[in-house]
Amino acid sequence: MKTLNVAIIGQGRSGRDIHGAHFRTDDRFKVVAVVESLKDRRERAAREFGCDTYETYQELYSRTDIDLVVNASYSYQHAPITIDLLNNGFNVLTEKPCARTAQDVQDMIDAAEKNNRVFAVFQQSRFAPYFEKVKSVLDSGVLGRILQISIRFNGFARRWDWQCCQDFLGGSLYNTGPHPMDQALHLLNYDGMPDIFCKMDRANTFGDAEDYVKIIMTAPDRPLIDLEISSADAYSDYTYKIQGTRGTLKGTQTQIKWKYFSEKEAPKQTLIKTPLKKEDGLPAYCSEKLIWTEESWETEGPRTFTYAVRSFYDNLYNHILNGEPLIVTPQQVKQQIAVIDKCHQMNPLDRFC
């Protein structure tokens, strides 16, 4: 088994606590370099990984032993740093949000193609166990034709760090949004720009970016997607709710249940245009008894995250070494960023950070 040498840019919650934590448990990857502007974080990385440390990412350019650079810098730096790395011959995995605009993503794609390098975006939620279960239920067809998919990434929280500032590419849609947006667009399965309604607001944030987002999204012959990301929801009780012509699914990231009926077992009905009546001649309401099948699924909470990260890196490792296609492609992320950017254009917010 070949070990890939990795450099991580950034030792914040993503660089250290997500990517770094995974690499400590995955023998296929070895952290040989860390880039971090803060001295105490560089010193900590040297102790934890036994690696070289640098203050600027350009110092990596003197090395020829790095197989992958994980770009976990500030969000607004993702695009320019990634393009620079690609142009200097590195394979790059970029944290979300990938970029501010779809053109930024295209520039990253172009740089990767020009230099024959790998460019991938860390969208691990596509591999989350709950989403895989949602997909499998939908693919089974038991819910019938899907009319509406409601997605809630909600909670009640106040925020005051750099990720609530527009200039830093913060706000709920760029920060949290790439996870449910990637899932939503995957389920929508539409190559073009969907029809979009979006409402943004600032509720409990101390910055100038949004922390409430409502998006209604649809396309021809596709279900309606109702996506919500809110920091003002103290009663959030589901992540997914899906309505179909034969049943419904509802669940969180750890528990899902769904119920459906079989058309073969349902009473045969025909349209009646005259007033309905009971046997005694009194008015009757249109009602019947359906035979419901109910199923459920659950997983352990910690597995939701670690499984998704592991599955993402399985795919990336095989892509770099064996040419296995990326499951989450840069082109798909480009569509995601195009939708996010359009939502922001529809909701310009004053800047004061």
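Helix H7 passes helix H9 in a right-handed crossing; a crossing is called right-handed if the near helix is turned clockwise from the far one by less than a right angle, and left-handed if it is turned anticlockwise. Helices (H or I, at least four residues) and strands (E, at least two) are DSSP runs, numbered from the N terminus. The axes of H7 (residues 178-188) and H9 (residues 330-346) come within 10 Å and cross at roughly 115°. Such axes are lines fitted to C-alpha atoms, for helices over the stretch in contact, and the angles run from 0 to 180 degrees between N-to-C directions. H7 and H9 are therefore roughly perpendicular to each other; angles under 35 degrees count as roughly parallel, over 145 as roughly antiparallel, 65 to 115 as roughly perpendicular and the rest as oblique. At the crossing, Pro178, Met181, Asp182 and Leu185 of H7 meet Gln335, Gln336, Val339 and Ile340 of H9, where contact means heavy atoms within 4.5 Å.

This is a predicted model, in which local features need pLDDT of at least 70 and side-chain atom pairs count only at pLDDT 80 or more, while totals for chains, interfaces and linings use all residues. Residues are numbered from 1 along each chain as its sequence is written, and side-chain values use heavy atoms, with hydrogens and water left out.

The chain as a whole contains nine helices and 14 strands. Its C-alpha atoms fill a box of roughly 90 × 50 × 35 Å, taken along the principal axes. Of the 353 residues in the chain, 49% are buried; buried means under 20% relative accessible area, exposed over 50%, and partly exposed in between (1.4 Å probe, protein chains only). Among the contacts in the chain with a separation of 6 or more, 71% come from residues 24 or more positions apart.

The aromatic side chains may be considered next. A pair of aromatic rings is described by the distance of the centres and the angle of the planes. Rings of Phe, Tyr and Trp (its six-membered ring) pair if their centres lie within 6.5 Å; planes under 30 degrees apart count as stacked, over 60 as edge-to-face and the rest as tilted. The structure holds 19 aromatic pairs. One of them joins Phe127 and Phe312 in an edge-to-face arrangement, with 6.0 Å from centre to centre and 90° between the planes. Phe127 lies in the loop between strand E6 (119-121) and helix H5 (129-140), whereas Phe312 belongs to helix H8 (residues 301-322), so the pair ties together parts that are 185 residues apart in sequence. Both residues, Phe127 and Phe312, are buried. They also belong to one aromatic cluster, formed by Phe23, Phe29, Phe122, Phe127, Phe312, Tyr313 and Tyr317.

Charged side chains also meet aromatic rings. A charge sits over a ring if NZ of Lys or CZ of Arg is within 6 Å of the ring centre and within 35 degrees of the ring normal. The charged end of Arg28 sits over the ring of Tyr317, 5.0 Å from its centre. Lys259 lies over the face of Trp292, at 4.8 Å from the ring centre.

The backbone deserves attention as well. Most residues other than glycine have a negative phi, and most peptide bonds are trans. Asn116, although not a glycine, has a positive phi of about 55°. Asn116 is located in the loop between H4 and E6 and counts as exposed, at 64% relative accessibility. Asn189 likewise has a positive phi, near 55°. Its place is in the loop between H7 and strand E8 (195-201), and Asn189 is exposed, with a relative accessible area of 54%. The peptide bond from Lys96 to Pro97 is cis, with omega near -5°. Pro97 lies in the loop between strand E5 (92-94) and helix H4 (102-114).

Pro97 is also one of the residues touched by Ser75. Ser75 is found in the loop between strand E4 (68-71) and helix H3 (78-87) and is buried, with a relative accessible area of 5%.

Phe197, in strand E8, is partly exposed, with a relative accessible area of 45%. Leaving aside neighbours within four places in sequence, Phe197 is in contact with Lys214, Ile215, Ile216 and Met346.
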